[in-house]
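Subject: Handover of a structure and notes on its features

Dear colleague,

Please find below the structure that I am handing over to you. My notes on it follow directly after.

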Amino acid sequence: MNRLVKPGTAAIVAIVLLAQPVTASGATAESLLSVNKRTTTSTVESEGFSGALAVDGDSTTRWASLEGDPQWIAVDLGGPADISRIKVLWESAHAKDYQVQASDDGQNWRDVKTVVGSDGGLDEFTGLNTSARHVRIFGTARATVYGYSLWELEVYGVRTGDGDIQPPSVPTGLRQASSTTESITLGWTASSDNVGVTEYEVLRNGNVIGRSATTSYTDTSLASGFDFQYAVRARDAAGNLSGSTMPVRASTRPTASDGIVIALAGDIAKAELPSEHQRTAELVRKINPRYVLTVGDNQYDDGTIEEFRTYYDKTWGRFKKITKPTPGNHEWNNELAGYKQYFGKIATPKGKPYYSFDVGAFHFVALDSDPVYNGGGAEQVAWLRKDLAKTKKSCIAGYWHHPRFNSGNSGDAKSIAPLWNELARAKADVVFAGHDHHYERTKPLDVDGHVDEANGVRSVIAGIGGDSLYLDYKAREGVEKILGKHGVMKLVLKGKTYSWEIIGTNGELLDKAGPYTCR
């Protein structure tokens, strides 16, 4: 592997690519086989970053994936070939570790090269001497918090033989056949092929989400009342892939409920990850809640008013009038000055960054956990005790930033015990927190963190609103569900019961809990 350039301006990158000479492979001159050929990808960040932009010969356009490992992009060369060299031009959001892979049918892959510790830029692999029709770049570890981003993938070699190079026809008649609150069933008319179609690939919002050997497919584990965009394409035994159908919109059924809907998340707006809190804000819009609750670290890195206005306000800020926030440790980096200036009396209805309010049969306490976490906050604890003693509501819920019990890298926070213990004494039903960037829910826990179904308090962490995720968690006692994906909680209060869905940024139903009856 020869490290040739680091990504700089688009003009410099373009010059480097065009300057590479066409070399010979034996007696036959190699040629660029991948330009404008059909691509498939694990994910795309949006329609403006499709896989086709990585093989279009334009080093100013790129494919970009969603966050997460692994991710991949594959190109179909249109027929079998002897591959002599491959060039991979990364954008700054590059793969640290990845494999260059080859396949004859686009299904079964073999490693050609393994790269560990890449520093990005242009990687060129020469003297490959491998035969294949498909080439894939399979990223296993990202170098940044973003997804993978690739300016160009170029495959050089010599076409060999004919074989079956005719793709199937594009499927027709794609439609929504039926739906439930959590699934959508699609149907379409079969493609034709000179040999025979072996399967269909189903794409949701531009990403392949499943395959079917028939002309129907059921997409499951979806959020209720959401709409999605689908397309279908056909593949034959030789790996030829048809074009995609025109996209069709389909929707899950809304949940029949007369309950009060609330959206909840924490650890939200970060300058380096604008697309993630944009996506979670779009989820909030689709949820259409009566209130938005935040569990701290609304704005990174210091919660200054300039940061709030530049980032949070452009996304979650559209729900400011219905938001009931709590601060996190990052807002305290600015001594809550930016937080208080941005939210105003919404965040300090009685002059303090902690307060309570009632919704239906529920009494909510919104707390400022940072002083308590750092060994202080006696005044707040005393206020909490009095507030809980006064409420006549049947259901009690608390929310703040630092979780008392936590499977993430921060672990259990004993310093938060004064807040948790007051909620436990009041026989509260549930506490929501953030701080660690994952989601988890537990069975009811007592003051020592042990399961107590009769008298304990249910613990939930929802630090999944937009900042980079923490995946180094290990489920502690009582954990019922734990995962590391961005999303938003759709909390539903109905009479003296509560339930929620955790909805991922692609509209997936990541978790479903309840309904639970208040104690």
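Is helix α8 (residues 417-425) mostly covered or mostly open? The model is a predicted one, and in it α8 is mostly covered, with seven of its nine residues buried. The buried residues are Ala417, Leu419, Trp420, Asn421, Glu422, Leu423 and Ala424.

The helices are α6 (369-373) and α7 (378-390). The strands are β24 (362-366), β25 (395-399), β26 (430-433) and β28 (458-462). Just after α8, Lys427 adopts a positive phi of about 55°.

A separate point concerns Ser118, which is located in the loop that runs between β9 (110-115) and β10 (122-125). Why does Ser118 count as buried? Its relative accessibility is 6%, and because the cut-off for a buried residue is under 20%, Ser118 falls in that class. A polar atom of the Ser118 side chain lies 3.1 Å from the backbone nitrogen of Gly120.

Enclosed cavities

How many cavities of 30 Å³ or more does the model contain? The count comes to two.

The largest cavity holds about 70 Å³ of space. Its lining consists of Arg38, Thr39, Thr40, Ala74, Val75, Asp76, Gly106, Trp109, His134, Arg235, Gly239 and Leu241. Of the elements, β7 contributes the most, with three residues. By class, the lining of the largest cavity comprises four nonpolar, five polar and three charged residues.

The second largest cavity has a volume of about 30 Å³. Phe362, Phe364, Ala397, Val430, Phe432, Leu491, Leu493 and Tyr498 line it. At least two residues of this lining come from each of β24, β26 and β30 (487-494). Strands β24 and β26 are also among the elements against which the buried residues of α8 pack. The lining of the second largest cavity has eight nonpolar residues, with no polar and no charged ones.

For the largest pocket, the computed volume is about 800 Å³. It is lined by 28 residues, and those nearest its centre are Leu66, Glu67, Gly68, Gln71 and Lys485. The elements that supply two or more residues to this lining are β16 (207-212) and α2 (274-287). Strand β16 provides the largest share, three residues. The classes in the lining of the largest pocket are seven nonpolar, 13 polar and eight charged residues.

Which element gives the most to the lining of the second largest pocket? Helix α2 does, with six residues. This pocket contains about 560 Å³ of space and is lined by 21 residues. Glu45, Asn205, Arg279, Thr505 and Asn506 lie nearest the centre of the second largest pocket. Both β18 (227-236) and α2 supply at least two residues of its lining. By class, the lining of the second largest pocket has five nonpolar, nine polar and seven charged residues.

With kind regards

Note on methods: Residues numbered from 1 in each chain as written. Predicted model: local features only at pLDDT ≥ 70, side-chain atom pairs only at ≥ 80, totals over all residues. Heavy atoms only, no water. Buried < 20%, exposed > 50% of the residue type's maximum accessible area, 1.4 Å probe, protein only. Helix = DSSP H or I, 4+ residues; strand = E, 2+ residues; numbered from the N terminus. Contact = heavy atoms within 4.5 Å. Polar contact = N/O pair within 3.5 Å; in protein donor to acceptor, adjacent residues only side chain to side chain. 1 Å grid on protein atoms, 1.4 Å probe; cavity = no way out; pocket = protein on both sides within 12 Å on 5 of 7 lines; lining within 4 Å. Points joined across faces, edges and corners; volume = space filled by probe spheres on them. Nonpolar A, V, L, I, M, F, W, Y, C, P; charged D, E, K, R; others polar.
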